[in-house]
Amino acid sequence: MELHQVRYFLAVASTLNFTRAAEQCNVTQPALTKGVQKLEQELGGQLIYRERQLTQLTDLGKEVLPMLERTLASAEAVRRRAQEFQRKEVAPLKIGLAPSISVSLVLDPIAEIAKFVPGFHVELREGAAEKLVDLLLEGEINAAMVGDVQDMPARIDDWLLFEERYVALLAPTHRLANHPSIGIDDLRETVLLKRAGCDVAPKIQRSYFPEKPPQLGHCSGHDLHLQHMAAAGFGVMLAPEHMPRLPTLKSIPLDGDLVSREVRLLAVQGRRYSPALDAFVKVARLRDWSVEAPDRRVLHAAVPEAARAPA
């Protein structure tokens with residue numbers, strides 16, 4: 001099936017006139033008729049009924065009309081996107097985020113890059129850190145922000161962005177809500193909400209529960225779900241301090257700050273960076289990721305000139 005055959009058929013279907021359809025497609029009427037006939041042969045049935053001055057679609061023609069319309073529209077969209085990419089009108093960037101790496105961490109860098117990279121378009125993917133490394137190597141994503149990763153492949157470039165501690169998020173009505181900090185004994189007597197796929201779960205287990213497992217309550221793979229559960233009084237959530245939290249939750253530090261993690265930026269060594277990826281790596285590495293006030297994430301803007309500077 002050739003696209004020009006589909007275009008000829010759609011022109012006849014819209015005009016119900018072979019002469020006008022040929023003019024619309026800028027071809028001769030015999031050429032248009034031949035194209036429609038070849039399409040009918042491929043589909044195994046007549047698409048257009050033609051008798052003297054009467055031209056109309058057959059039942060088969062009516063059946064395949066919407067599908068062929070979508071086919072042509074998709075092909076034209078692909079062509080336009082390819083042309084835009086060649087003219088650098090689209091600057092795509094696929095970023096992977098490990099569990100509990102909040103999307104809020106990349107919002108300011110994205111906004112900053114969009115100021116000086118025309119057509120900047122971001123796609124976000126979430127997955128376990130090891131899975132994101134695989135996606136990087138396969139070329140499915142361009143960069144990733146992760147926590148702890150075991151056995152980092154040699155082909156991966158790895159930059160430390162910042163280190164953050166974990167805090168307890170709980171409802172104001174929780175019995176521990178008025179404590180200035182929460183100790184190990186408090187945690188061992190408290191129901192904890194479980195984050196599925198949490199990259200620091202083994203570290204929490206070793207630091208606070210080396211002999212006896214914690215009392216685990218509800219579980220979810222989404223941080224916001226767990227925050228709502230904590231706000232409803234179902235338990236305590238241990239979360240990284242950079243994570244934005246619901247205003248109905250209290251954030252309390254843990255005694256000794258025994259649990260923290262490093263947040264790292266990953267990309268593949270040796271690959272040519274697109275303008276979008278180059279800008280993202282530079283803005284992320286130059287940014288001040290510090291938490292300036294309790295429970296409040298502050299990202300300082302990096303100037304475009306700095307983003308353009310050599311790595």
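**Figure 1. Helices and strands of the protein chain.** The protein chain holds eleven helices and eleven strands. The model shown is predicted. Of the 311 residues in the chain, 43% are buried. The protein chain exposes about 16700 Å², and carbon and sulfur atoms supply 51% of this area. Among contacts between residues at least 6 apart in sequence, 70% join residues at least 24 apart.

**Figure 2. Salt bridge between aspartate 223 and arginine 195.** The structure holds eight salt bridges, and this view shows one of them, between the side chains of aspartate 223 and arginine 195. The N to O distance is 2.9 Å. The pair links distant parts of the chain, since aspartate 223 belongs to helix H9 and arginine 195 to strand E7 (residues 191–195), 28 residues apart. Aspartate 223 has a relative accessible area of 15%, so it is buried. Arginine 195 counts as buried because its relative accessibility is 12%.

**Figure 3. Salt bridge between aspartate 278 and lysine 282.** The side chains of aspartate 278 and lysine 282 meet in a salt bridge, with 2.9 Å from N to O. Both residues lie in helix H10 (residues 275–286), and because they are four residues apart there, about one helical turn separates them. With a relative accessible area of 24%, aspartate 278 is partly exposed. Lysine 282, at 10% relative accessibility, counts as buried. Elsewhere, salt bridges that share partners join Glu126, Arg195 and Asp223 into one network.

**Figure 4. Salt bridge between glutamate 112 and lysine 115.** Here the side chains of glutamate 112 and lysine 115 meet in a salt bridge, at 3.3 Å from N to O. Are the two partners buried or exposed? Glutamate 112 counts as buried, because its relative accessibility is 7%. Lysine 115 has 64% relative accessibility and therefore counts as exposed.

**Figure 5. Surroundings of glycine 221.** Glycine 221 sits in the loop between strand E8 (215–220) and helix H9 (223–231). At 28% relative accessibility, glycine 221 counts as partly exposed. Leaving aside residues up to four places away in sequence, glycine 221 touches Glu126, Arg195 and Ala196. Lysine 194 is 27 residues from glycine 221 along the chain, and the C-alpha atoms of the two are separated by 8.5 Å.

**Figure 6. Patch of negative charge on the surface.** Five residues are shown: Glu130, Asp134, Glu138, Glu140 and Asp151, which gather in a patch of negative charge on the surface. Glutamate 130 lies in helix H6, which covers residues 129–138. The relative accessibility of glutamate 130 is 42%, so this residue counts as partly exposed.

**Figure 7. Nonpolar patch on the surface.** Val103, Leu107 and Leu124 form this nonpolar patch. Together they have about 230 Å² of accessible area. Leucine 107 is placed in helix H5 (residues 104–114). With 44% relative accessibility, leucine 107 counts as partly exposed.

**Figure 8. Leucine 16 in its loop.** Leucine 16 is found in the loop between helix H1 (3–15) and helix H2 (18–25). Most residues other than glycine have a negative phi. Leucine 16 counts as partly exposed because its relative accessibility is 40%.

**Figure 9. Asparagine 26 in its loop.** The loop between H2 and helix H3 (29–43) contains asparagine 26. Phi of asparagine 26 is near 60°, a positive value in a residue other than glycine. Is asparagine 26 buried or exposed? Asparagine 26 has a relative accessible area of 72%, so it is exposed.

Definitions and conventions: Residues are numbered from 1 along each chain as its sequence is written. This is a predicted model: local features need pLDDT of at least 70, side-chain atom pairs count only at pLDDT 80 or more; totals for chains, interfaces and linings use all residues. Side-chain values use heavy atoms; hydrogens and water are left out. Patches are made of residues with over 30% relative accessible area and no salt bridge: like charges are joined within 9 Å, nonpolar side chains (Val, Leu, Ile, Met, Phe, Trp, Tyr) within 5 Å. Accessible areas come from the Shrake-Rupley method with a 1.4 Å probe; for residues, only the protein chains shown count as cover. A salt bridge is a side-chain nitrogen of Lys or Arg within 4 Å of a carboxyl oxygen of Asp or Glu. Lys and Arg count as positive and Asp and Glu as negative; His and the chain ends are not counted. The place of a charge is taken as NZ of Lys, CZ of Arg, CG of Asp or CD of Glu. Helices (H or I, at least four residues) and strands (E, at least two) are DSSP runs, numbered from the N terminus. Buried means under 20% relative accessible area, exposed over 50%, partly exposed in between (1.4 Å probe, protein chains only). Contact means heavy atoms within 4.5 Å.
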